[in-house]
Amino acid sequence: MTPIHVRTGSAAHRGLQIAGLAAAAGALLLGATMEAFRVGQLTNVMIFAIAISGLNLATGYTGLLSIGHSAFFGLGAYTTGVMVVTYGAAPMTTIPLAVLLCAVLGFVVGLPALRIRGLYLALVTLAVGVAFPEVVRRFEDLTGGAAGLVIRSRQLAPPEWTGLTVPQRGIWLYWVSAAALLITLVLVRNLTRSRLGIAMIATRDNEIAAAASGVRLATVKTTVFGLSGAVTGLAGSLFAMYVGALSPDGSFTLLKSIELITGLFLGGAATLFGPVVGAFAVVYLPYFTADLASGHVSGVIFGAVLIAIVFLMPEGIAGVAGRFLGRFIRIAPHENQGERP
Amino acid sequence: MQMVRTTGTDRPALTVTDVTLRFGGVAALDGVGFTVAPGEICGLIGPNGAGKTTLFNCVTRIYRPDSGGVSFGDTDLARVRPHDVVRLGIARTFQNLALFPSLTVLQNTVAGAHARHQAGFAAALLGWPGTRSRQRRIEGEAMDILAELDLTDVAHRPAHGLPYGTLKRVELARALAARPRLLLLDEPAGGLTHAEVRDLGDLILRLRRDHDLGALLVEHHMGLVMSISDHVVAMEFGRKIADGTPDEVRAERRVIEAYLGKAS
């Protein structure tokens, strides 16, 4: 069959966009009515999607492979944890600080990217990822060290104006995560469509040509790493509220980094919705394979499914889905795009 | 960055003075000097390994000469960082294509205009109202350039997978988007068919006229160089062996020897 052609900016395109938003809103509302356990799972997926979106900026769009994003996730989580437990701050008010600290750490980690690239840069980020749990253990007074940091559920109560009670904090965090994910996706979309977004991809595709076109590689790389860290830190902050108990060996080791990278490439690197799809895959695939077999075999099946997806869909699930949809609806650039307004 | 910007009416000359560059013990460039006058098309010829591309890379600051200097107007290029060369009005193409394969032809061209626009990082992130219309305007200018180079049909196609000759023109479009005063073309005819080479010569002359720019081209294709250049510089083993009009250079004994070998 021939695909339906839709031009960007046309009424049909607007309609499609609104339909997409309505479908997403419907899915969120439906998710909110599920049992508490499912709501928690979906919250986890959304937090993951934010974390992977952060990684996507550096690794997907700009080609700076980071194996250390678990450190940003952890720094965001511990900032919120420490602020709430030690200083009695309201959880939501800790988000800006967590994001800011992670942006600064991201900027600093991005500095070596000015001199080194590829696997060597990945090694630097690896070091950061390895160091993070050690640093948490070292500053025991603040972080609780190896014993962990427990946030009491009373401290995680939803703000009073919501009228929600402590036991309803799950649904509160569900909507907070949904809002944070929406904001993240809008920001990423704006950024990647901008002049800076083109500079990011240009840097990834060909550094020398990018510099010859006037792209300040140093600025692009450090800015992107800072932003990438900030977004993953936002996810970490929400994650602290979600789990309520932080330990250095729990969720902030290199395994978390690997999970984020896996999610990114499964979902589709350098795509807007890839991280969301990847987050679903990373959270639900293990359950799915555990249903097929038990014990160690399920781990093997999980690995096999991962390999199969990477082989069959090198552009990620979102990339393949986009191509599949392209058979039915093709969105062409606006007729006037490029002509003077 | 504070730098004297070259404006549209400013027409600086490119001056290469006594440039020497060694790789280990090998002198890739040995005391090379010449001038590309404003609006002039200058051809740089020489056998493989003569040091043409090395010289090119000195101009675009990929290499830094050991001694001697390159200046554009009053600006000493040794003091300019690589990404600022284009801000002075010097844009280049590459010998082996250096496009951004995952971007569309239009986006590649827009990337070439990167230096002409302000950052606006926060504005980009938040999608400020002005950002969209500014983006439209930049794309509009890029589309004009694509139309000029007969690339309108492929504007929205990714660069990846287009034919070689087309990609060569996309590189030219990207360079033009920077609104340069001087174009550096590294083997623009390399890999093109005979017909394409003839069109390329006409195209370069037309661009010079319409965009008021000069060009320095490194080229093996003698026919092309001799037919469009105002001025030809010949090199061999890192040294300049001839410098003059195409006819003068063609008649130079050392040039004939370099290309045909010494008569016994």
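1. Helices here (H or I, at least four residues) and strands (E, at least two) are DSSP runs, numbered from the N terminus.

2. A word on provenance: this is a predicted model, where local features need pLDDT of at least 70, side-chain atom pairs count only at pLDDT 80 or more, and totals for chains, interfaces and linings use all residues. Residues are numbered from 1 along each chain as its sequence is written, while chains are lettered from A and ligands numbered from 1 in the order in which they are written.

3. Chain A first. I see 14 helices and four strands in chain A, and its C-alpha atoms fill a box of roughly 60 × 50 × 45 Å along the principal axes. For 341 residues a compact globule would come out near 20 Å in radius of gyration, so the 21 Å of chain A agrees. (That radius is taken over C-alpha atoms, and the globule rule is 2.2 Å times the number of residues to the power 0.38.)

4. Axes are lines fitted to C-alpha atoms, for helices over the stretch in contact, and angles run from 0 to 180 degrees between N-to-C directions. Under 35 degrees counts as roughly parallel, over 145 as roughly antiparallel, 65 to 115 as roughly perpendicular, and the rest as oblique.

5. The H4(A)/H10(A) crossing is right-handed, and the contact splits into 13 nonpolar, 10 polar and one charged.

6. Another pair worth a look: helix H2 (residues 36-61) of chain A and helix H11 (residues 254-267) of chain A, whose axes come within 9 Å and cross at roughly 80°. That makes H2(A) roughly perpendicular to H11(A). Among the residues that meet are Phe48(A) and Leu55(A) from H2(A), and Leu260(A) and Leu264(A) from H11(A). By class, the H2(A)/H11(A) contact has seven nonpolar, five polar and no charged residues.

7. On to chain B, with nine helices and 10 strands and a C-alpha trace spanning about 70 × 45 × 35 Å along its principal axes. Chain B has domain 1 (14-89 + 180-260) and domain 2 (103-171), with bounds from an automatic or database domain assignment. The centres of these two domains of chain B, over C-alpha atoms, are 28 Å apart. Their contact takes six residues from domain 1 and four residues from domain 2 of chain B.

8. Finally, the interface: 28 residues from chain A and 38 residues from chain B take part. H8(A) gives the largest share of the chain A side, seven residues. That side of chain A has 15 nonpolar, eight polar and five charged residues.

How values were computed: Two residues are in contact if their C-beta atoms, placed from the backbone, lie within 7 Å. Ala, Val, Leu, Ile, Met, Phe, Trp, Tyr, Cys and Pro count as nonpolar, Asp, Glu, Lys and Arg as charged, and the others, Gly among them, as polar. A crossing is left-handed if the near helix is turned anticlockwise from the far one by less than a right angle, and right-handed if clockwise.
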